[in-house]
Amino acid sequence: MLESIPKYAISVVTLSPQAVCSIAAKRSLSVPEAAKLISGYLKSIGIRYILDSSFARELTLELSYEEWREKQEASTSENPLFCSVCPGFVCYAEKTHGKLFVPLMSRVRSPQAISGALVKDYLAGSLKISPGDLFHVTVMPCFDKKLEASRSEFKMGEEGQVAEVDCVISASELNQLLEGFEPKEEAVDVEEGKEEEPLTWLNAVERGVMRGGSAEEEEASGGYAEYILRRYLEEQGQDAEQFTVTRDTKTKNMEIVKVTHNDIVLFSMAKVYGFRNIQNMVQKLKRKKFPISYVEVMACPSARQYLMLRMLERRWTGACRNVGRTPGAPSRGAGEVRDHPKGRRRR
């Protein structure tokens, strides 16, 4: 990363809130303090903009719900829809059970992939520079995100030579880079006669402002199943009071959520973490004994361990959600891209 920054006209880093929370926890800082520390370091090495991936994550959650609703209303198939944001699971599914899984994969991009489109398409266009002249780095809690960024689906240009995400580093790698860095003292007063720069999506993180999560019930693994469940119940209004939600925790890494009305199961969802549970799920799917409409699946068996980080994140960023959309951020229509793994579709 450090060697590549001088080669580009502009360099941008997208931070995941989980990564910021991880560094905050390791350094006994609040999330705003960690965001400012990270931003100070990145600015010192030549990064122009530091962005929060939360906006992209909110798009992913909402698009996932819309996709699930469309499938529920239009399809009579009993096959589930599989969340495809985990690159570890996607690689496993494609290589070992391609015919079984690929047709059932969600086409909604992950937050990292949506961030890539926002930066290389929307931001590059706003700055009037070529996407190839913009260096985009993401900081993610998962090492497998490096695999995701290298996929051909996430490259631009006629020959696919421009990656939407040029480099991915983990939270632990960024934390190592921070060793020995001493941030400069912040200027207290604004220069006389000069107004303070307004808060926008391009400078919010360096001021310690992060949108954080979009739901109190979300889980660190992504919260896709919980978001879909909550959005569905919200749409039902007062009728939702007649529904019963039951949770069957098979193991600490697998949970089945059922929504019933008058003892009739309306739909079921599953949260499946770790390859052992994934393999058990595959066998049930092959035997047609997996009556689930949506599966949030992650290759990492410790996906739930990030819950503490999400709780920490909400503690320090709850007030930020009251701000609403950060001024200057792209509208919801920008970057609404679905393309994995069956082809790209812009809405």
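Colleague: Which residue in β2 is the bridge partner of Thr 14?

Modeller: Leu 51 is the partner of Thr 14 in β2. Bear in mind that this is a predicted model.

Colleague: What makes β1 and β2 a pair?

Modeller: Pairing needs at least two bridges. Strand β1 (residues 10-15) has 4 bridges to β2 (residues 49-52), and the two run parallel. Strand β4 (residues 134-140) is also joined to β1, by 6 bridges, again parallel. There, Ile 10 stands opposite Leu 134.

Colleague: How do you know that β1 is mostly covered?

Modeller: Buried means under 20% relative accessible area. In β1, 6 of 6 residues are buried.

Colleague: Which residues lie on each side of β1?

Modeller: One side has Ile 10, Val 12 and Thr 14; the other has Ser 11, Val 13 and Leu 15. Both faces are covered. In a regular strand, side chains alternate between the two faces of the sheet.

Colleague: Why is α3 called largely enclosed?

Modeller: Because 17 of its 21 residues are buried.

Colleague: Why is α4 called roughly parallel to α9?

Modeller: The axes of α4 (residues 87-101) and α9 (residues 275-286) cross at roughly 15 degrees and come within 12 Å. Angles under 35 degrees count as roughly parallel, so the label applies to α4 and α9. Residues making the contact include Phe 89 and Tyr 92 of α4, and Ile 278 and Met 281 of α9.

Colleague: Is that crossing left-handed or right-handed?

Modeller: The α4 and α9 crossing is right-handed.

Terms used:
Residues are numbered from 1 along each chain as its sequence is written. This is a predicted model: local features need pLDDT of at least 70, side-chain atom pairs count only at pLDDT 80 or more; totals for chains, interfaces and linings use all residues. Side-chain values use heavy atoms; hydrogens and water are left out. Buried means under 20% relative accessible area, exposed over 50%, partly exposed in between (1.4 Å probe, protein chains only). Axes are lines fitted to C-alpha atoms, for helices over the stretch in contact, and angles run from 0 to 180 degrees between N-to-C directions. Angles under 35 degrees count as roughly parallel, over 145 as roughly antiparallel, 65 to 115 as roughly perpendicular and the rest as oblique. A crossing is left-handed if the near helix is turned anticlockwise from the far one by less than a right angle, and right-handed if clockwise. Contact means heavy atoms within 4.5 Å.
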